[in-house]
Amino acid sequence: MGIFESSQKFEEILGGFFRHVSDTPSVANKLLASKLIIRFTYTDPDVVIVVDCSGDKVGVRPGDTDTKAEVNMSMSADIAHKFWFGKVNLLAALTRRQMVAKGPIPKILKLLPAIKPAYTMYPKYLEDNGYNKYNIY
Amino acid sequence: MGGYAGKILYIDLTSGAIETRPLDLEFARKYIGGLGFGAKIYLDLIKDRPGFDSLSADNPFILMTGPLTGIRMNAVARWTVCSKSPLTGLWGECNIGGFFGAELKFAGYDGIVITGEADKPTYIYIDNNTVEIRDAQKYWGADVYTVNDEIIADHKDTSRKSGQVLTIGPAGENLVRFASIINNKGHVAGRTGMGAVWGAKKLKAIFVRGTGSLKVAYPKRLDSLRKELKELYAGHITIEGLRAFGTASHMDIGIISGDIPIKNWQQTDWELFDEIGPIAYGEKILTGNRTCYACGVACKREAEVKEGPFKFDKGPGPEYETVATFGTMCLNSSMESIGKANDICNRYGMDTITCGSTIAFAIECFENGLINEEDTDGLNLTWGNSEAIVAMAEKIGKKQGFGSILSEGSAGAAKQIGGNASDFLTTVKGLEAPMHDPRAAHGYGLAYAVTPRGACHTASPIYAIEGGGMYLPEIPELGDEIIGMSSEGKAKLNIACQDFGMFFSGCAVFCNLGANILNATQAVDMVNHVTGFDYTIKEVMHLGRRIWYLKRGLSNLFGARAEHDRLPKRLLTPIQTGPSQGSVPDMDLMLKEFYELRGFNDDGVPKKEILEDLGLSELSKLLYRER
């Protein structure tokens with residue numbers, strides 16, 4: 001059993017966080033510049049979320065298994081949670097295949113400056129939305 | 001037997017004697033190549049007279065390839081140089097890529113041992129079996145790019161193959177203590193001032209042309225491994241990152257973990273960071289990719305600035321370490337000026353890590369009133385002043401004005417500047433720390449403290465292992481999950497990294513970037529398929545351990561003691577915000593464990609019985625005779 005008790009809860013929390021991030025112009029603008037469609041596939045509990053940066057606005061679509069994504073990221077829900085706390089060594093996670101990234105690597109790497117501000121946003125988002133029990137900050 | 005060329009050149013510049021000696025295969029098996037050969041031969045040469053100045057004729061200089069250099073595989077084009085360092089006064093070494101090592105082996109030599117000093121500017125000419133010491137007065141004073149082109153042009157009529165040049169620039173001639181040696185304009189033996197050793201010997205360059213080929217002991221097995229690795233390399237995130245952004249790809253990853261020193265190690269974040277990140281590099285100065293011999297990774301960059309104050313012609317672009325030392329360390333957000341500073345360092349022949357770090361140190365001295373514009377020849381040496389940073393780099397290369405003081409390196413300059421200048425130092429044993437922060441990965445702290453050449457991130461794979469880019473599950477200590485901001489278990493981790501690293505990048509000589517995705521089995525297999533030896537992982541760890549002690553012993557012979565195994569105050573000052581907030585390595589814990597596990601006495605010297613168990617009785621006698 002991981003940190004999250006159900007797929008529904010994890011989808012609610014992470015989907016909500018992605019929407020929060022996509023409503024933040026400084027992050028959203030950089031994501032939109034990438035024009036990527038990214039599918040995150042999480043396990044334990046299982047959740048799929050598509051983040052669509054191909055339009056004028058960042059789209060966040062939990063459960064979307066139909067859209068063709070250019071980038072596919074797979075990881076456990078626990079790794080994802082720790083990642084947004086800045087507690088995962090990204091390179092080690094990729095090397096040890098705790099995270100798997102498929103797609104055009106240069107484009108994926110270009111997303112890093114975009115997501116950097118999100119690290120500080122995640123703990124606050126959890127706190128502000130009543131998810132304190134998941135806070136490991 | 002495959003891999004090796006089978007001969008070593010011995011050249012004495014004082015007498016002019018040139019001798020070729022066959023490579024003894026028992027020696028090759030025991031010392032593998034690269035720094036294994038170099039350290040052992042060096043010790044044999046100096047054992048009767050270890051007390052000498054690094055800039056004297058008594059200091060030998062050794063260039064050695066590894067058994068894989070010149071083999072057509074990714075990430076094995078590298079080779080090594082070693083000598084006593086003019087910057088630290090201790091053991092000095094570098095691991096270099098490019099084309100020179102392969103060409104030397106095609107000419108029939110595994111390495112070159114250079115002793116003595118010439119009485120006038122000289123270069124060494126090697127064309128297969130023809131080896132001569134020639135007059136270099138026409139090249140003396142010229143910059144690295146010019147000499148490289150002129151020597152190639154001057155010898156092009158004698159063969160259809162153009163050959164390779166290894167040269168120093170004016171900084172080496174001027175005995176700048178961190179002068180480098182450069183092959184093909186951008187492949188640099190940068191750290192510890194090997195270029196000044198050449199300058200003191202009045203050795204300007206080595207030209208080599210080889211038309212031979214290398215044998216592989218088991219070609220079918222190597223082909224099979226090549227196929228296996230082709231799949232591994234295809235689409236691997238590390239390799240694709242290197243291909244797309246070069247070593248500067250680390251900027252965006254390192255900033256997340258707090259790895260990148262900013263403002264002379266006082267910050268780990270900066271609002272202008274993206275101005276010099278990998279994307280900005282691509283947009284502002286990048287013109288293309290370069291590579292080393294037979295390597296498909298092609299992580300080297302080519303850059304150009306077409307106009308403005310930082311104009312420079314198309315040539316080798318800055319590596320990550322250079323972007324950090326001349327950029328983040330100096331709060332310099334001008335990518336163009338970083339490219340220009342890199343161009344100056346390459347043309348004059350200077351190590352960009354020491355040069356940029358020394359300028360960052362000088363800026364802090366300036367900002368704190370220890371020096372002023374009168375001292376700096378009118379330069380307003382403040383944070384982010386791109387023009388002043390570039391101008392100072394050139395002054396150092398010329399050893400002109402305040403540049404002469406900084407040409408001693410930051411530790412040497414601090415002594416001359418006085419006051420509390422030493423508070424701003426980031427050196428260990430006199431060598432400026434590379435751009436990876438031990439406050440975010442404590443194991444680096446121990447590595448910087450105990451590495452024989454001083455603060456170093458390449459002598460062992462600790463940076464790659466703890467940083468996460470390398471994973472060696474076959475070696476138990478290196479397969480466990482690693483917590484960066486913890487000092488527990490880091491002594492054991494460092495020791496395993498040192499032992500394997502001496503085999504891997506020190507002797508074999510694998511590239512610390514493009515070969516990091518191999519596991520230990522693949523690395524050992526490659527060496528076995530090429531050489532015909534039957535090394536096991538256990539055996540290469542044992543051989544690596546012995547060579548590590550040999551290098552440590554050489555630094556001990558030159559005076560390194562426990563008090564030198566220390567991090568500077570600046571690297572032990574906690575960062576107030578960011579990913580590594582409040583974290584500092586527990587050096588007392590790590591050093592205590594390391595000394596116990598390595599069998600050092602309280603002075604930081606390996607105990608007699610440890611050395612004798614490893615078959616290093618000669619070194620033991622020298623160390624304990626000295627005492």
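**Figure 1. Packing of helices α7 and α21 of chain B.** Axes are lines fitted to C-alpha atoms, for helices over the stretch in contact, and angles between them run from 0 to 180 degrees between N-to-C directions. In this predicted model, helix α7 (residues 219-233) and helix α21 (residues 520-531) of chain B pack with their axes 9 Å apart and at an angle of about 150°. Since angles over 145 degrees count as roughly antiparallel, α7(B) and α21(B) are therefore roughly antiparallel to each other. Their crossing is left-handed. On the α7(B) side the contact is made by B:R221, B:L222, B:L225 and B:L229, and on the α21(B) side by B:Q522, B:D525, B:M526, B:H529 and B:V530. By class, this contact of α7(B) with α21(B) comprises 5 nonpolar, 2 polar and 2 charged residues.

**Figure 2. The open sheet of six strands in chain B.** The 6 strands follow the order β2-β1-β6-β3-β4-β5 (chain B), and their pairing is mixed. At the edges stand β2 (18-22) and β5 (91-96) of chain B; each has a single partner strand, so one side of each is left without a neighbour in the sheet. From one strand to the next, the twist averages 15°. Strand β1 (residues 7-12) of chain B pairs in the parallel sense with strand β6 (residues 111-115) of chain B, over 5 bridges. Within this pair, B:G111 in β6(B) is the bridge partner of B:I8. Helix α2 (residues 34-46) of chain B lies across β3 (61-65), β4 (79-84), β5 and β6 of chain B, and runs at about 25° to β4(B).

**Figure 3. The contact between domains 1 and 3 of chain B.** Chain B is divided into domain 1 (7-209), domain 2 (245-257 + 262-425) and domain 3 (442-626). The centres of domain 1 and domain 3 of chain B, taken over C-alpha atoms, are separated by 26 Å. To their contact, domain 1 of chain B gives 37 residues and domain 3 of chain B gives 32 residues. On the side of domain 1 that touches domain 3, α1 (25-31), α2, β4 and β5 of chain B each supply at least two residues. The largest share of that side, 7 residues, comes from α2(B). By class, the residues of this side of domain 1 divide into 16 nonpolar, 14 polar and 7 charged.

**Figure 4. The contact between chains A and B.** Chain B contributes 21 residues to the contact and chain A contributes 16 residues. On the side of chain B that touches chain A, the elements giving two or more residues are α8 (237-245) and α9 (250-257) of chain B. The residues of this side of chain B divide into 10 nonpolar, 8 polar and 3 charged.

Figure 5. Most residues other than glycine have a negative phi, and most peptide bonds are trans. A cis peptide bond joins A:D44 and A:P45, with omega about 0°. A:P45 is placed in the loop between β1 (37-43) and β2 (47-52) of chain A. In chain B, a cis peptide bond joins B:A508 and B:V509, with omega about -10°. B:V509 lies in the loop between α20 (490-507) and α21 of chain B. B:T192, a residue other than glycine, has a positive phi, near 75°. The place of B:T192 is the loop that runs between β11 (187-189) and α6 (194-201) of chain B.

Definitions and conventions. Residues are numbered from 1 along each chain as its sequence is written. Chains are lettered from A and ligands numbered from 1 in the order in which they are written. This is a predicted model: local features need pLDDT of at least 70, side-chain atom pairs count only at pLDDT 80 or more; totals for chains, interfaces and linings use all residues. Two residues are in contact if their C-beta atoms, placed from the backbone, lie within 7 Å. Helices (H or I, at least four residues) and strands (E, at least two) are DSSP runs, numbered from the N terminus. Ala, Val, Leu, Ile, Met, Phe, Trp, Tyr, Cys and Pro count as nonpolar, Asp, Glu, Lys and Arg as charged, and the others, Gly among them, as polar. Two strands pair if DSSP finds at least two bridges between them. Domain bounds come from an automatic or database domain assignment. Angles under 35 degrees count as roughly parallel, over 145 as roughly antiparallel, 65 to 115 as roughly perpendicular and the rest as oblique. A crossing is left-handed if the near helix is turned anticlockwise from the far one by less than a right angle, and right-handed if clockwise.
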